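Hello,

Here is the structure I said I would pass on. My notes on it follow below.

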Amino acid sequence: MSTAAVTDKRPSTLRGASLPKWSPWAIAAGSVAVAAGLGLVAGLHSKVQWGLIAALLFVAGTYGIAARVEGRRQAKDRVATSLVWVAFLLAVVPLVSLVWTTVARGVKVLDVYFLTHSMGIVADSEPGGGIYHAIIGSLEQVGLATAIGAPIGVLTAIYLVEYGRGRLAQAVTFFVDVMTGIPSIVAGLFILSLMLIFHMQPFGFAGSLALAILMMPVVVRSTEEMLKLVPNELREASLALGVPKWRTILKVVLPTSIGGITTGIMLAVARITGETAPVLLLVFGNPFINNNPFEGAQASLPLYIFQQYSAGNDAAFDRAWAASLTLIAFVMILNLVARGIARWKAPKTGR
Amino acid sequence: MAKRIDVSGLTAYYGSHKAIEDISMTVEPRSVTAFIGPSGCGKSTFLRTLNRMHEVTPGGRVEGKVLLDDEDLYGTGIDPVSVRREVGMVFQRPNPFPTMSIFENVAAGLRLNGNYKKSRLNDIVEKSLRGANLWNEVKDRLNKPGSGLSGGQQQRLCIARAIAVEPKVLLMDEPCSALDPISTLAIEDLIGELKERFTIVIVTHNMQQAARVSDRTAFFNLAAVGQPGRLIEIDDTERIFSNPSVQATEDYISGRFG
C-alpha cells in the first residue's frame, strides 16, 4: 500500500492547513498600508505613530489570520515570531537612524583639512578649523588610560581566577562590581580632588587616570569571564608536565583566552573614548595643539563635540557632527581590529 | 630510568572531607599497575597524590609518605613542579593545548620548562610521537592544530606530550574511557611498549583492560557513601582475577557487587 493511496483516502493527521511562505510579508505590507491610511485619515503627523500602529496591526493581524487558517498553537508561534521581529526593528531603527544622521551631517566638513588642522586661529563662530588637536588629545589620553587600566585589569582578573581564595578575593570582586557602577563624573571628581590637593592645573594625564579608573572594572569583569572559560584540564595538563604555575598562566591560559580578553579590552577602550565628563573636569579643553599630555590643557573628541555644539552656530554644528562621525569611525575601527585579533588568535580548529 | 614508588600511610583530604585513608603500596619499576574499584572510591585522588596534582584542587591536602626511589615527594623542600617533571600524567579526556600545533603540543613540556637544546627538539618530538605510535599518522601535518585530530589520536598526542619530558613514572587516569575500542587497543598496545621504559600506573573502570595490560592490580573500595576510600588489596593481576584473597574483590570482579 503506497502512501499516496493513504493520503487519498483520508487527510493526514500530521499535515494541517498552513499559510503560504509569503504571508508574513503580505501581512506586514497590509498593516503598513492600513496604518498609513489610518494615519492620514486621523491626521497623525508623526511617522513614529504610523510605525507603532503598523507594528500593533502586524502582531494582531498575524494572530487573527493564523488562528483562523492554521489553528491556535501555530497562531501563538507566529505571534511570538512577529514579536521578536518587531523588537528587532525597534532596536535597529534608532541605531540606523543615529548612524545615518551622523553620516549625513558629518560628511559636510569632514575632509583631510578638517582632520589635520586645529581650532587655534579659528573662532568657534567662523567656519574652517579642524579636530587635529582633539584627535591627538583623545589618542594620548585613551592610550595612556589603556596602558594603565588594561594591565592592572588583566592582572586583577588573573589574581581572581587563578590565585584568589577566601575573603580578599571576595572583597576584590565586590569592589570591582561597585566600581563598574561609578558614574564617570565621580571618577573625574576623585582625580580633581587629588589635583586640588597638589595645586595642579588641568592636563591630559589627569584625564587618563580618571578614564583608567572607569576602564579597569570593565576589563577585570570581561577578562575574568574569559579566563573562567579556559578548561581546567588545560591547566592541569600543563602543570602535570612540570610547568610552573606562572608559566602555565602565561603560556597556556592567556593564549587560549587572548581573543576574548582583547575583545573585552577593546570594548572598554570604546567605552572610555566617548567619555566627556571627566575630560571636561580634568583636561579642560584647548583649541591649540598640545602634544604633551603631562602639561597643559588638552582637547579630546567628545569634549570638542560638546564645546562646538554649545557654541551654537551653523559652522560649529557642522564641526560637531563631523567630529562625532570621526569618533564613531574611530570606535568602529577599534572594534574591527579587536575582532580581527580575536579571530587571528582564536584556538585553531582546522584539520 | 623508571623508578619505584613506595606509598605508606597515605591519607588525602578535600577540605575537611577525607577522600582516601591510610593507603600503603609499592609500585615496581618497569611494570604496569592497574587501579580498579567503584566510582568515588578514591582511585583518581590517590593517583593524583602520586605527582602532587591533588593539591592543585582547592582544599586538597595529603598526609603520609610517597617515596620515589627513597625520596619523599611530600618531604620538606620538595618542589611540586620538579615532582611533576619526574612523574608525568595522562588524563581521562584528551586535552591537547588548543592554541598549539601538533609539534608544539609535543614540545610544550620542554619549551615551557625552558631546558632543552633547540637542535634536539625535532628529534625529541619525533621520538615521542613514534613512542606514542602516532608518528606515521601526523608526520605530514605537524604544524596543524592538535585539536583537529580524532579522539584516539588526541589521547596518543597527550601521551607523546607526557613522555617527551622523559618522566620516570607515567600516571594514566582512565586514558581510554572516552575512546572507541580500536583506539583503546592502540593505547593498550602502547602501554605494553611504554612499560619497558617507564613505571606505569593506570586507573581503569574496564576490568578486561586491567587484566590485559597490567602486571599488578589494586582494588579500592569504600565502606559507604561519604566514607573515605581504602585499598582493599593489591596483588599480581593474575591472582586478583583468578583467586583474590578478599571476598569484596571477588564480588566486584565477578559483578556480584552491591
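**Confidence and domains**

Chain B has a mean pLDDT of 90, with 99% of its residues at 70 or more. Please keep in mind that this is a predicted model. Its scores are ipTM 0.89 and pTM 0.85.

In chain A, the domain assignment gives domain 1 as 21-103 and domain 2 as 132-345. The C-alpha centres of these two domains of chain A are 40 Å apart.

**Contact between the chains**

On the chain B side, 27 residues are in contact with 22 residues of chain A. Four elements of chain B each supply at least two residues of that side: α2 (80-86), β6 (87-90), α3 (102-113) and α6 (151-164). By type, the residues of chain B that touch chain A are 13 nonpolar, nine polar and five charged.

**Cores**

The largest nonpolar core has 135 residues, and M215(A) and L170(B) are those with the most contacts inside it. Helix α9 (residues 204-229) of chain A gives the most to this core, 14 residues. Another core lies apart from it and has seven residues, among them A35(A), I53(A), A54(A) and F58(A). In general, nonpolar side chains tend to be buried together in soluble globular proteins.

What does M215(A) touch, leaving aside its neighbours within four places in sequence? The contacts of M215(A) are A145(A), T146(A), G149(A), G153(A), A268(A) and I272(A).

**Three helices of chain A**

Helix α3 (residues 47-69) of chain A has 23 residues, which at 1.5 Å a residue should span 33 Å; its end C-alpha atoms are 32 Å apart, in agreement with that. The buried residues in α3(A) are I53(A), A54(A), A55(A), L57(A), F58(A), T62(A) and A66(A). Their cover includes α2 (23-42) and α4 (72-106) of chain A. Just after α3(A) comes G71(A), with a positive phi of about 110°.

Helix α7 (residues 166-180) of chain A passes the same kind of length check: its 15 residues should span 21 Å at 1.5 Å a residue, and its end C-alpha atoms are 22 Å apart, which agrees. Is α7(A) largely buried or largely in the open? One of its 15 residues is buried, so α7(A) lies largely in the open.

In helix α13 (residues 301-311) of chain A, the buried residues are L301(A), P302(A), L303(A), Y304(A), I305(A), Q307(A) and Q308(A). Among the elements that cover them are α6 (132-163), α12 (277-282) and α14 (314-345) of chain A.

**A buried glutamate in chain B**

E21(B) sits in strand β2 (residues 17-27) of chain B. Why does E21(B) count as buried? It has 20 C-beta neighbours inside 10 Å, and the cut-off for a buried residue is 20 or more. Not counting residues up to four places away in sequence, E21(B) touches T11(B), P228(B) and R230(B). Of these, T11(B) is 10 residues from E21(B) along the chain, and the C-alpha atoms of the two are separated by 4.4 Å.

Regards

Methods:
Residues are numbered from 1 along each chain as its sequence is written. Chains are lettered from A and ligands numbered from 1 in the order in which they are written. This is a predicted model: local features need pLDDT of at least 70, side-chain atom pairs count only at pLDDT 80 or more; totals for chains, interfaces and linings use all residues. A nonpolar core is a set of buried Ala, Val, Leu, Ile, Met, Phe, Trp, Tyr and Cys residues joined through C-beta atoms within 7 Å. A residue is buried if 20 or more other C-beta atoms lie within 10 Å of its own, exposed if 12 or fewer, and partly exposed in between; C-beta atoms are placed from the backbone. Two residues are in contact if their C-beta atoms, placed from the backbone, lie within 7 Å. The expected span of a helix is 1.5 Å times one less than its number of residues. Ala, Val, Leu, Ile, Met, Phe, Trp, Tyr, Cys and Pro count as nonpolar, Asp, Glu, Lys and Arg as charged, and the others, Gly among them, as polar. Domain bounds come from an automatic or database domain assignment. pLDDT is the predictor's confidence in each residue, from 0 to 100.
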